[in-house]
Amino acid sequence: MKNFAPALAFASIISLVNAHGFVTSPEARQPGTAMGAACGQQVQSNQDSDKYGNIQGELQVASSQNDYKAAECDIWLCKGYKFADNKDNVQSYKAGQKVPFKVDIRAPHTGVANVSVVATSSNKVIGAPLISWDVYASTATGVKPDETDFSVTIPDDLGSQCATAGDCVLQWYWYAESIDQTYESCVDFTVGGSGSAPAASSASSASSTSSATEIAVTTTPSGAVQTPTAAAQPTTFATTARASATSAAAQVPTSSAEPSASASGLPFSTSNASDVLSWFEALLGNLVGN
């Protein structure tokens, strides 16, 4: 593997500093002064310059800063982005309404992903994920169209839980298991009135060529995360896998059975030269394309 060493070192550096993923539509939460006050000025500056980055990268920055307040930052909720900085950016939806999403992924990393309704007061998913992928942004296949352009349906049984701005977000969550990095974007929203709600106990699957599973949520919301039954998914999703608010160490979801890193210290496995080349070629292709 020694012939790969320079390229692998370069790829390792790129993976730490290059932007990776963010929701571009609907407009997601942005970093701001409230975030800076809670998470630290350097963390805010880091996100101002690269909002596509991952939570573990934020924690690396925060670990050396005296103004990082772990509990107030709550970095595993929307990457620490605050509603106070986004009060003028709240979407209004109706129950049963389909909401189109667009995600910009600038470098593929194999993992799992979902979009869920999250209660911001508890950082818990309400009901089941609205859409999920058991394989997302694979380095083997590249990013698929349905992973960056899709729709979710607003549940018809949220009641008053999401009636007030700031109480709920639609959270896009991507855990790149292959490199132990977590990406989140949050869309603030309220629900009012009634829409064309999905039929009770129904679920609509994506087409056979799609890796996504859209779920019509009609079950009673609960504080615990529910796992969709249409496909084999990790037993923990999104915010239930967050690290302790008092820890600034880069922690990752525990649902993955894959190793956190190779023995070489690189943020991906180097045990197979073919896998390494595939990852590196996909990354370089993405960089050249941008």
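User: Are Cys39 and Cys73 buried or exposed?

Analyst: In this predicted model, Cys39 is buried, and Cys73 is buried as well.

User: What makes Cys39 and Cys73 a disulfide?

Analyst: Their sulfur atoms lie 2.0 Å apart, and a pair of cysteine sulfur atoms counts as a disulfide within 2.5 Å, so the pair qualifies. The torsion about the S-S bond is about 95°, and this disulfide is therefore right-handed. Cys39 belongs to helix α2 and Cys73 to helix α5, 34 residues apart, so that distant parts of the chain are linked.

User: Why is the disulfide of Cys78 and Cys186 called left-handed?

Analyst: The torsion about its S-S bond is about -90°, which is why the disulfide is left-handed. Because Cys78 lies in the loop between α5 and β2 whereas Cys186 lies in strand β9, the pair ties together parts that are 108 residues apart in sequence.

User: How do you know that Cys168 is buried?

Analyst: Its relative accessible area is 1%, and buried means under 20%, so Cys168 meets the criterion. Its disulfide partner is Cys162, which at 0% relative accessibility also counts as buried.

User: Why do β1 and β7 stand at the edges of their sheet?

Analyst: The open sheet has three strands in the order β1-β3-β7, with antiparallel pairing. Each of β1 and β7 has a single partner strand, so one side of each is left without a neighbour in the sheet. The pairing of β1 with β3 runs over four bridges, and Gly21 has Ile105 as its bridge partner in β3.

Notes: Residues are numbered from 1 along each chain as its sequence is written. This is a predicted model: local features need pLDDT of at least 70, side-chain atom pairs count only at pLDDT 80 or more; totals for chains, interfaces and linings use all residues. Side-chain values use heavy atoms; hydrogens and water are left out. Two strands pair if DSSP finds at least two bridges between them. Helices (H or I, at least four residues) and strands (E, at least two) are DSSP runs, numbered from the N terminus. Buried means under 20% relative accessible area, exposed over 50%, partly exposed in between (1.4 Å probe, protein chains only).
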